[in-house]
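Subject: Handover of a structure and the findings on it

Dear colleague,

Please find below the structure that I am handing over to you. Kindly keep it open while you read the notes that follow.

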Amino acid sequence: MPRISEETIQRVAEASDIVEVVGSYFPLKRAGTSWKALCPFHREKSPSFSVNPQRQTFHCFGCGAGGSIFRFVMDYEHITFVEAVRRLAQRAGVPVIEEAGGEADEKGYSERKRLLAMHTEAAAWFHQQLLRSPAAGAAREYLKSRGLTAETAKSWNIGYAPDSWDALIQFLKGKNFTQEEIAKSGLASSKEESETGSPSSTARLYARFRDRVMFPIRNDYGEVIAFSGRVLDAQARTAKYVNSPETPIFSKGRVLFGLDKSKRSLIEAKTAIVCEGQIDLITAFESGVTNVIAPQGTAFTPEQARLLLRFVEVVVLCFDSDRAGQEAVTRSLPALLECGLEVRVARLPAGEDPDSLIRTQGAEAFQRHITEARNFFDNALDLLTAAGGMEDPVKKAAASRKLATFVPLIKDPVQREAVMGRISARLGIAPTAFQAQMRSGKTAVTRSANDEEPEVPREAPFEMPEGVVILCQLAMTDLRTKEWLATQVLADPQLLGESGNLLGRILRHGAPLDSPAALNTFASTLSPREEKAFANLVPGRVPGDPLIAAQEAWRGLVAQTLREQREAAKNRLRQPGLPAAETLALQKQILDLSTRLNDLFRPVPQDSA
Ligand SMILES: [Zn+2]
């Protein structure tokens with residue numbers, strides 16, 4: 001397990017703000033000094049999830065989730081602390097230094113950074129070619145014919161790759177990218193690559209994309225990580241679409257086209273419309289149907305499905321009504337069902353895709369098909385019964401066997417039960433017969449046990465008495481109070497029990513906890529239980545002089561502890577048959593405790609005037 005250096009954690013903490021980070025996952029609404037949203041960790045109708053910028057923590061009053069910025073990313077993305085630090089580091093542009101093998105990681109980081117920079121340059125260059133190059137006339141015509149305006153081309157950074165082997169490569173070299181970097185980016189390929197399978201630094205490079213309309217592919221932060229190039233001449237003998245190959249920054253099966261733009265709409269609609277191609281997606285988005293994404297390639301991978309699950313509950317597949325489109329539906333199904341998404345299938349009129357439908361009949365017509373989309377199983381039953389022949393027992397058995405391979409993938413037992421009921425009713429077969437088919441048949445994709453999402457451990461926060469909460473708050477906001485408390489609390493660290501741990505941490509922490517940077521750094525040192533208690537601290541202003549308020553709260557807590565100890569001693573004293581020595585010791589202890597209690601409430605002597 002790689003260890004990330006303390007310095008990296010600190011730099012990440014300093015560079016991150018919890019409101020900004022949480023807000024990049026889903027929208028937050030301001031509520032006084034904090035920010036609110038529907039809790040992503042449990043289902044709810046009114047928001048009980050709040051993010052506190054003063055404390056740099058999040059907390060849900062509904063399910064008790066809570067903690068620091070690191071905890072949020074860990075729980076939300078289902079990743080480890082180390083991965084969360086990496087994720088935040090990438091976001092903030094902080095290089096990750098590992099304790100062992102740090103050099104290699106630093107190198108990987110700077111390599112990725114160079115590749116991202118190169119893609120940004122290339123995207124701008126392709127876009128300029130589309131706008132200005134006389135050779136791009138046909139590309140401009142093509143986009144116009146597809147109803148894409150100059151404005152749309154600008155907002156999606158659509159470009160044109162000229163029909164040249166080395167124009168892009170010369171441009172990138174002019175921007176000081178090396179031969180090796182260009183080969184690694186996938187924007188070019190070398191002749192040797194096709195022969196030996198690996199790029200060489202000496203081989204001549206050739207532009208991968210030539211005479212194609214270029215669509216930049218972005219990660220969910222909006223960084224360009226790859227390209228998809230569409231051929232202009234539909235009769236051309238080359239592939240209709242060419243995508244960037246797998247590179248250090250691009251993994252085809254993990255990216256969803258359009259996600260960086262549609263994230264917010266996905267969360268609001270709780271539904272993702274899945275289009276097949278980039279142009280379908282862009283047309284839908286620009287027509288106002290914005291909860292759209294497109295997988296790279298036709299079938300969903302488990303990684304893409306899990307990525308979607310963070311945003312939506314329902315997926316509407318909107319593929320072509322031709323055979324290839326229907327096969328894409330079937331191939332996408334296992335990954336989507338397995339991660340618990342409800343899958344619906346939109347039935348577009350024959351020969352139409354989202355792009356053509358919107359352009360001929362408008363966005364409302366498209367939206368209507370989405371609203372009317374049927375659950376995958378109902379849709380499949382519709383198609384089977386419409387095709388007829390269901391009286392034939394052989395056909396009927398074949399149909400139900402096909403459906404039986406998908407049903408076990410439905411995660412929710414109630415949903416699964418309901419779907420089984422509908423299938424046996426509509427095909428007119430006994431439920432037991434269908435179940436037998438399910439048992440004997442193969443499931444479309446066998447589930448591997450270690451592929452399961454890890455359960456998020458929910459630690460119960462420890463009890464924090466009101467007085468300790470106040471002391472924590474004052475220790476964080478007032479230096480004089482912190483110094484005074486340190487002399488009291490750290491002298492007798494056991495006095496407050498476990499609830500005193502967090503207070504002790506705050507008091508021992510050198511730097512003042514008065515900025516997001518300091519708070520995030522501090523939170524990264526806490527145990528999960530301490531972190532939760534920290535997130536539970538309700539920020540509030542304590543009226544009056546903070547030192548006096550702290551002294552009062554401290555006295556109250558000490559008095560309570562002393563009284564409890566005295567009570568315990570008294571109870572022990574009532575036990576029959578105590579040895580004389582112990583009786584004496586207990587009596588002395590009770591007397592001592594009473595004296596300490598009295599001293600506690602004796603007025604502090606004022607300076608005599
Ligand atoms: Zn919650």
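The lining of the largest cavity takes at least three residues from each of domain 2 (103-250) and domain 3 (256-439); the domain bounds come from an automatic or database domain assignment. Before going further, please note that this is a predicted model, in which local features need pLDDT of at least 70, side-chain atom pairs count only at pLDDT 80 or more, and totals for chains, interfaces and linings use all residues. Residues are numbered from 1 along each chain as its sequence is written, and side-chain values use heavy atoms, with hydrogens and water left out.

**The cavities**

A cavity is defined on a 1 Å grid over the protein atoms alone, as a set of points where a 1.4 Å probe fits but cannot get out; lining residues have an atom within 4 Å of a point. Grid points are joined across faces, edges and corners, and a volume is the space filled by probe spheres set on the points. Under this rule there are two cavities of 30 Å³ or more.

The largest cavity holds about 70 Å³ of space. Its lining is made up of Trp156, Pro216, Ile217, Arg218, Phe257, Gly258, Asp260 and Lys261. Helices (H or I, at least four residues) and strands (E, at least two) are DSSP runs, numbered from the N terminus. At least two lining residues come from each of β9 (212-218) and α11 (259-269), and β9 gives the most, with three residues. Sorted by class, the lining of the largest cavity has four nonpolar, one polar and three charged residues. Here Ala, Val, Leu, Ile, Met, Phe, Trp, Tyr, Cys and Pro count as nonpolar, Asp, Glu, Lys and Arg as charged, and the others, Gly among them, as polar.

The second largest cavity holds about 40 Å³. Around it stand Trp125, Phe126, Pro162, Ser164, Ala167, Leu168, Ala207 and Phe209. Helices α5 (102-132) and α8 (167-174) each supply at least two residues of this lining. Its classes are seven nonpolar, one polar and no charged residues.

**The zinc site**

Which residues hold the zinc ion? The protein donors are Cys39 (SG), His42 (ND1), Cys60 (SG) and Cys63 (SG), at 2.1 to 2.3 Å from the ion. Donors are N, O and S atoms within 2.8 Å of the metal (3.2 Å for Na, K and Ca); water is not among the atoms, so sites may look incomplete. The angles among the four donor atoms are 104 to 119°, and the site is tetrahedral; four donors count as tetrahedral if all angles lie between 85 and 135 degrees. Along the chain, the donors follow the spacing C-x2-H-x17-C-x2-C. Cys39 lies in the loop between β2 (34-37) and β3 (49-52), whereas Cys60 belongs to strand β4 (residues 57-60), so the pair ties together parts that are 21 residues apart in sequence.

Are these two cysteines, Cys39 and Cys60, buried or exposed? Cys39 is buried, at 7% relative accessibility, and Cys60 is buried as well, with a relative accessible area of 1%. Buried means under 20% relative accessible area, exposed over 50%, and partly exposed in between (1.4 Å probe, protein chains only).

**Two residues with positive phi**

Asn157 is not a glycine, yet has a positive phi of about 55°. Asn157 sits in the loop between α7 (150-155) and β6 (159-161) and is buried, with a relative accessible area of 17%. Lys270, also not a glycine, has a positive phi of about 55°. Lys270 is placed in the loop between α11 and β13 (271-275) and is partly exposed, at 39%.

Glu20 is part of helix α2 (residues 18-25) and is exposed, with a relative accessible area of 51%. Glu20 and Pro53 are 33 residues apart in sequence, and their C-alpha atoms are 9.6 Å apart.

Arg87 belongs to helix α4 (residues 81-92) and is partly exposed, at 27% relative accessibility. Between Arg87 and Val12 there are 75 residues of separation in sequence and 9.6 Å in space, C-alpha to C-alpha.

Trp484 is found in helix α22 (residues 479-489) and is partly exposed, at 21% relative accessibility. The C-alpha atoms of Trp484 and Leu507 are separated by 9.7 Å, with the two residues 23 apart along the chain.

With kind regards

Notes. Four donors count as tetrahedral if all angles lie between 85 and 135 degrees; four count as square planar and six as octahedral if opposite donors are over 155 degrees apart and all others between 65 and 115; anything else is irregular. On a 1 Å grid over the protein atoms alone, a cavity is a set of points where a 1.4 Å probe fits but cannot get out, and a pocket is an open set with protein on both sides within 12 Å along at least five of seven lines; lining residues have an atom within 4 Å of a point.
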